[in-house]
Amino acid sequence: MNDKAWLALEDGTVLEGRACGAAGETGGESVFNTAMTGYQEILTDPSYCGQIVTMTYPQIGNYGITAADHESARPRLAGLVVRELCRHPSNHESVESVGDFLKKHGIVAVEDIDTRALTLRLRERGALRGVISTLDGDPKRLAAKARALPSMTGRNLAKVVTCEKPWEWTEGSQPKPARRVVVMDFGVKYGILRRLAAMGAAATVVPASTTADDILRLNPDGVLLSNGPGDPEPVADAVETIRRLLIERVPLFGICLGHQLLGLALGGRTFKLKFGHHGSNHPVKDLATGRVEITAQNHGFCVDLDSLPKEVRTTHVNLNDGTSEGMAHASLPAFSVQYHPEACAGPHDSRYLFDRFAALMDARRAAAAR
Amino acid sequence: MPKRTDIRKILVIGSGSIVIGQGCEFDYSGTQGLKALREEGYETVLINSNPATIMTDPEIADRTYIEPLTPAYLEKVIAAERPQAVLPTLGGQTALNLTVAAAERGILDKYGVEILGARLEVIRKAEDRQLFKAAMLKIGLDLPRSLVVTDETDLKRAAQELGFPIIVRASFTLGGAGGGIAYHFDELRSRVHTALEMSPVKKVLLEESIIGWKEYELEVMRDRADNFVVICSIENVDPMGVHTGDSVTVAPAQTLTDRQYQEMRDDARRVVTEIGVETGGCNIQFAVDPRTGRRVVIEINPRVSRSSALASKATGFPIARIAAKLAVGYTLDELPNDITKATPASFEPAIDYVVVKAPRFATEKFGEFPLDTAMKSVGEAMAVGRTFKEALQKALRGLESGKKGFEGAEAVDEESLLKSVGTPSSSRLYHVQSALARGISVERIAEVSRIDPWFLNQMRELVDFEAGLKGAALDAGLLRRAKRLGFSDAQIARATGRSEAAVRTRRRRLGVRPVYKLVDTCAGEFPSKTPYFYSTYEPSGDPIASRPGRKIMILGSGPNRIGQGIEFDYCCVQAAKALREMGAASIMVNCNPETVSTDFDSSDRLYFEPLTLEDVLEIVDAERPDGVIVQFGGQTPLNLALALEKAGVPILGTQPSAIDAAEDRRLFGAALKKLGILAPESGIARTPEAALKIARRIGYPVMVRPSYVLGGRMMEIVYDDAALLDYAERARRASLHPSILIDRFLADAAELDVDAVCDGRDVWIAGVMEHIEEAGVHSGDSACTLPPHSLPPAALAQVREHTRRLALHLKVKGLINVQYAIKDGAVYVLEANPRASRTVPFVSKAAGLPVARIATWVMMGKTLRKLVPSAALKGAVPPYTATKEAVLPFIKFPGVDPRLGPEMKSTGEVMGLDSDFPRSFAKSQEAAGLNLPSGGAVFVSVRDEDKPEILHVARSLRQMGFTLTATRSTAEYLSRHGLSAQRVAKIGEGKPDVVDLLKQRGLSLVINTPSGKRSRADGYAIRRTALELDIPCITNIRSVRAAVHAIAVIQGAEMSVTPLQDRYKDLPYPVDMSLKS
């Protein structure tokens, strides 16, 4: 159990710790997440594809892994960094320990790292490329490997995590769903699909590359543009699809990467944040109601609001740094948020947005029937 | 929404005396709240009877009323001030109850006072069990299942529905009589049978037992725009069945999945919305069945609480301050996060460390005791670490209860050990350690204790590591691992058979040193401006910004305990204030989360650390202060003073060697002789034989105590050889120090306390206090009055002169407290302590001058002539009288005799302030909850020595319309002197006896002075019954006299209220509190 492991960053920082997941070497963009619960959701969130996640909460794995809290079929992140991983989890739902789960899925992880010091460094320097290795302890070589990694910018990671073919979400579905939603899968979290099922929608998940015509053929009441990893700009074919759906006036709801893609489709630009928003405690104000919701966030890129046409208005603002968190089109049935209304992990304050989506679809259908 | 402008003046209600269950957390919340309201431009009025608080300092509120917390006094304050609103949510249950009482009497309506923070119906809905249950069912929340039965026919169905064990409660019986727990059907049948018989309404409540379930608390805030945030989640290590104040607790919650936690958060939001808590902080308790995850809501407190204080310190989020701002109309997003300054208050703190709180029990006073749902701890220590293991060890050593961390209990056989593990008690955790060390499995321990296996596995890691330490080579790697697990140098020393100093030297030489990380509310996501640190063993710490100017470190007083409480925290906060005013930086070190001293803005830099030599030395090394203040934090820092001095740490003010000289009986005795000051004859005995010899030389009665004691622990008055030998044996068993101090006991002497400040040239007698009780009652338990009410000027002049000479002789620089006894005109010094005393805040409030602040400036080199108004320096005293009364915790400890003695038992104090002694005494009694009657029957039973004196008292009482009741011998004595008294049987003399009479509420006052020797059983029964029935019982003759004077005043005239700010106008000197250059 005293197997050593190392974390190296592109700036030359090398930290020694202990291996607590699979053996091997992995690389990715280093980000930190400040959520105190919900590591399982983070591990299985496809949006973390290509990233090494540092948990700022020091004791991870306390309640193990449960059967009901996966956000996708398997962990997608590049690696995990923690202060201490729990060997003896305790919870009535626990089915295995995080260490076993990581090993089973080949995820390299390191513990015994001063995660606060690392976080402060990432806060100062911005998200850095990094490597975790259980094989190579040479600092120079590891840092060089980190520098050799491709940058997040310009990579189409949605392509990596999207589904291969369309599929139906059945868990928690109502017997006779009132609405049909097509979910463009850029790395969708099960949490979103669970919310759709809960609001009485049948959800068909389609690959990111699905064309507008194919989507329209499914006769959806609305299309949900899912979350996903990385830079939105290279996901160009999807942007084209969304543009077509906008023209067809299909109700659209974008979440996270889906929000950014909608922004691009509406003619806007996106930019990369210094170290992104990753956590469960970000205050966002709904400008329509004035209410503050505590939101789950996980994004490194952001929509530049000034770049959008004037028909697009900001609906939500992040109260920590003033960045835009949501938008809606004045005349088209499309809206989106940068954060995660399904939460998982995080507070459930923003679930009303799914109701808004339902209302948008119902209004559209009523209008079509007239 | 901006703040309200229709309100200009707000009344804040404090929480009164420190009692078990209501500690100094409400000084923290009230002070924060008052500061916040003032910052917004509101005029603030405060009512609180507790003088030992920062909030009652005259510069905190605009109008400060130190008056009893009763509806009558509240009305007087409201009538005098006419505030538009009252804020009752910062003063604990006391303030909430007082507000409800005032509202129900129509006082608030009469004067048009609005309740801020929680409307009346909100308080009712939250506090009334029936209304609460109905509200929870309405929103579909789960509660422990219960049903009412009126006969024994349907018990099978009931048992099926609730499942065993079942809690049986008989309706409308006193004190839960007739109730109990049924573990199987036969037991249920018999218990219900009994309960039905006992219930006057023939109703029995059967409730599902949730004992052993996991217990959680959420600290939440809500504003009037319905914004809701959770500040902190707390998980209890001790499962349901132990009061949360007595549990070891952890923040954040450790064993809930995100979904389970978020669902609990959703429930909490629905609870506060339904109850209607619109503005402020509150906490909601939940229980979770560990087998199924079923979650039930237990209760809500619609106010800030002890847990809010803990949550504030655990996260850095100032709950009380924000609650006060929400109460006047702001919303969370309009307020800044005071820690980051850059982000708003509408967020949920993310923490990147683990916080453990451990309760401090008064086992040294009341022994080991089992725990239940009524709180029994007197204080708490909080610790911050990077892991639960580290934080647990730090919290336990921070308790200063003799353990250096997570250690074992006394060795017993396995069966008794498992029993101790299975029974919640003040020492259970140490038994758990012993069980783990013995190799008993986590599963078995979890089964009997119901402590979650997660915690037990963490503890097992500590036990396993410690076992591996034995005989291992202490290299840097092993030491670092030990320190990362929170082991103290003392623990490592014991495990490896070295001295603590040797471990420390080796550790430092190997470079194994702590770093300091920041508590910043955001897990490092944003830069933070508030320097609030904790130690840990990591490769690197957060940068500590350097600061120009002098840096002074203040050592706090650690967890509250009997004998060392809020008074010392008050002094530490004053010291920080004094330093700030003169431009020096203050560095506060403390581990008590209830306090003002650990508030984020009390000092320039806060180290939330245990006050052990190891922890303090490391901070000294990190900060390199120009001086360390040890004389304000009570015994805790004093115990470290000599070692710190030896380590080359600069001690500010009186030097440790001088402090030691006053504590060393021989040195001190020689000094007194040289100064020509009388002291009671005394001696130190190392053997029982020597003790007998000394006692016979001095003459009985004698006062005995072990050497090196705190708060009069084990101090007793001994009347004969047999009792002395018995004492010597008990002292030997209880302490490692074999020696006993023996003093002549000055029976019936008047006792005095003097607080003074010395700058090396002048001595300022800040206050002379005369005890109400005679010598023999611990000064901390004694009521006292300033200025003295009964002593001749000549004796007082001598007291002042003695104090002056002692302070100069002992080379005091700063505070000194001297205790005197005056008997037959002679003045004796009992002891002198060159440090802050418990009475410093009381004296400050009475004299109108900030004694601790002045002492700090003196330590920093200023002179008294520049600091203290010359009239005060020359001995001018207030033209009014202040009386301090102690508040005692006897009601919480069944079986303890509620009588005063040389060993301190009080948890807190109140102050009565009025124009003369009887009035101020009357107020102090009312503030202490002792309701002096204005009529009725008085029971008199006094020892022979008091009989002449009682005649005078009895006559006065008769004149005032009381009737007298006495047992045979006292009744005969009274009648011989022309006073008729109703006779009542002693216990055992037949029925009805005096206890029956009490129970029938046939008596309104009990005067019972126990004879000096062992208290007799019937005396005990009388005192205990009176206590439990809340009938005032006075146990010494001098207090009786004072009480009779006070009763005459109460009968005579309406009492009035005056704020400190107005009282001070009558002082014969100016009270400008700011520093004169």
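Helices (H or I, at least four residues) and strands (E, at least two) are taken here as DSSP runs, numbered from the N terminus. On that basis, chain A of this predicted model holds ten helices and 21 strands. Its radius of gyration, taken over C-alpha atoms, is 20 Å, close to the 21 Å given for 370 residues by the globule rule (2.2 Å times the number of residues to the power 0.38), so chain A is as compact as a globular protein of that length. Along the principal axes, the C-alpha atoms of chain A fill a box of roughly 70 × 45 × 40 Å.

Residues are numbered from 1 along each chain as its sequence is written, and chains are lettered from A and ligands numbered from 1 in the order in which they are written. Local features need pLDDT of at least 70 and side-chain atom pairs count only at pLDDT 80 or more, while totals for chains, interfaces and linings use all residues.

Of the 370 residues in chain A, 60% are buried, that is, with 20 or more other C-beta atoms within 10 Å of their own, the C-beta atoms being placed from the backbone. Two residues are in contact if their C-beta atoms, placed likewise, lie within 7 Å. Among the contacts in chain A with a separation of 6 or more, 76% join residues 24 or more positions apart.

An automatic or database domain assignment divides chain A into domain 1 (4–148) and domain 2 (158–369).

Turning to the partner chain, 40 residues of chain A are in contact with 46 residues of chain B. Helix H3 (115–125), strand S17 (269–286) and strand S18 (292–304) of chain A each give two or more residues to the side that touches chain B. H3(A) gives the most, with five residues.

Buried residues of H3(B) include Leu96(B), Leu98(B) and Ala102(B). After H3(B) comes Gly106(B), with a positive phi near 80°.

Technical notes
Buried ≥ 20, exposed ≤ 12 C-beta atoms within 10 Å, placed from the backbone.
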